[in-house]
Amino acid sequence: MVKFAVGILVGILLVMAGGYVYFSHGFAPVATADSPMPFEKKFAHMALDARLDKEKKTVSTVPLDEDNYLAGAEVYKQHCAVCHGLPGKEKSAIAEGMFPPPPQLFRGTGVTDDPAWESYWKAQNGIRLTGMPGFKARLTDAQLWQVAQLLANADKIPASVKSSLAGDEPKMTPVVPPLQKQP
């Protein structure tokens with residue numbers, strides 16, 4: 001029985017050492033163009049689904065109305081569209097270069113099959129190892145709910161909201177670095 005226990009312990013240590021060598025010697029795929037590691041997608045989804053199952057299912061205090069959909073559309077265009085796309089528009093160069101690829105939320109079912117609280121949680125907290133940032137320090141709860149409800153109801157939004165999303169993308173002021181003094 002002792003030999004069996006020692007064999008199990010040695011086997012575990014060898015697997016751990018193999019994992020360490022795999023990652024520490026540059027064998028793991030880390031570039032966005034690399035193929036995923038074995039079981040990478042499965043484990044990532046398993047962890048996210050388990051976390052969401054543990055979360056309290058919150059309810060929005062933001063009414064489902066045209067004004068809030070329009071406000072959500074503006075927030076979405078400013079903070080989300082660069083990765084998740086706009087209706088009828090091609091993927092941005094940023095979205096094309098990301099791994100895993102960000103879902104295009106206005107193509108197919110998007111996240112209309114997810115409850116709004118789930119999109120709210122994902123936008124608020126972000127999702128590790130996906131490029132999805134958390135916006136809890138940058139957006140208000142009302143803004144997060146406006147976007148979450150917009151996405152959950154994207155197949156039912158009024159024409160004015162669809163028009164707003166299809167219109168010009170928000171004008172962003174480019175950040176110009178200060179000039180450096182010449183020696």
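## Helix H6: burial

In H6, the buried residues are Ala116, Trp117, Glu118, Ser119, Tyr120, Trp121, Lys122, Ala123 and Gln124. Buried means under 20% relative accessible area, exposed means over 50%, and partly exposed lies in between (1.4 Å probe, protein chains only). That is nine of the ten residues of H6, so the helix is mostly covered. The cover over these buried residues includes helix H2 (40–54) and H7. Gly126 follows H6 and has a positive phi, near 75°. Helices are DSSP runs (H or I, at least four residues), numbered from the N terminus.

## Basis of the model

This model is predicted: local features need pLDDT of at least 70, side-chain atom pairs count only at pLDDT 80 or more, and totals for chains, interfaces and linings use all residues. Residues are numbered from 1 along each chain as its sequence is written, and side-chain values use heavy atoms, with hydrogens and water left out.

## H6 against H7

Helix H6 spans residues 116–125 and helix H7 spans residues 141–152. They pack at an angle of about 130°, and their axes are 8 Å apart. Axes are lines fitted to C-alpha atoms, for helices over the stretch in contact; angles run from 0 to 180 degrees between N-to-C directions. H6 and H7 are therefore oblique to each other. Angles under 35 degrees count as roughly parallel, over 145 as roughly antiparallel, 65 to 115 as roughly perpendicular, and the rest as oblique.

The crossing of H6 and H7 is right-handed, with the near helix turned clockwise from the far one by less than a right angle. H6 contributes Ala116, Trp117, Ser119, Tyr120, Ala123 and Gln124 to the contact, and H7 contributes Asp141, Leu144, Trp145, Ala148, Gln149 and Ala152. Contact means heavy atoms within 4.5 Å. By class, this contact has eight nonpolar, three polar and one charged residues. Ala, Val, Leu, Ile, Met, Phe, Trp, Tyr, Cys and Pro count as nonpolar, Asp, Glu, Lys and Arg as charged, and the others, Gly among them, as polar.

## H3 against H8

Helix H3 (residues 66–79) packs on helix H8 (residues 159–166) at about 15°, with axes 9 Å apart. That makes H3 roughly parallel to H8. Their crossing is right-handed.

On H3, the contact residues are Glu66, Tyr69, Leu70, Ala73, Glu74, Tyr76 and Lys77; they meet Ser160, Val161, Ser164 and Leu165 of H8. The contact of H3 with H8 divides into six nonpolar, two polar and three charged residues.

## Ala50 in H2

Ala50 lies in helix H2. Ala50 is partly exposed, at 41% relative accessible area. Ala50 and Ser60 are ten residues apart in sequence and 22 Å apart in space, C-alpha to C-alpha.

Key. Helices (H or I, at least four residues) and strands (E, at least two) are DSSP runs, numbered from the N terminus.
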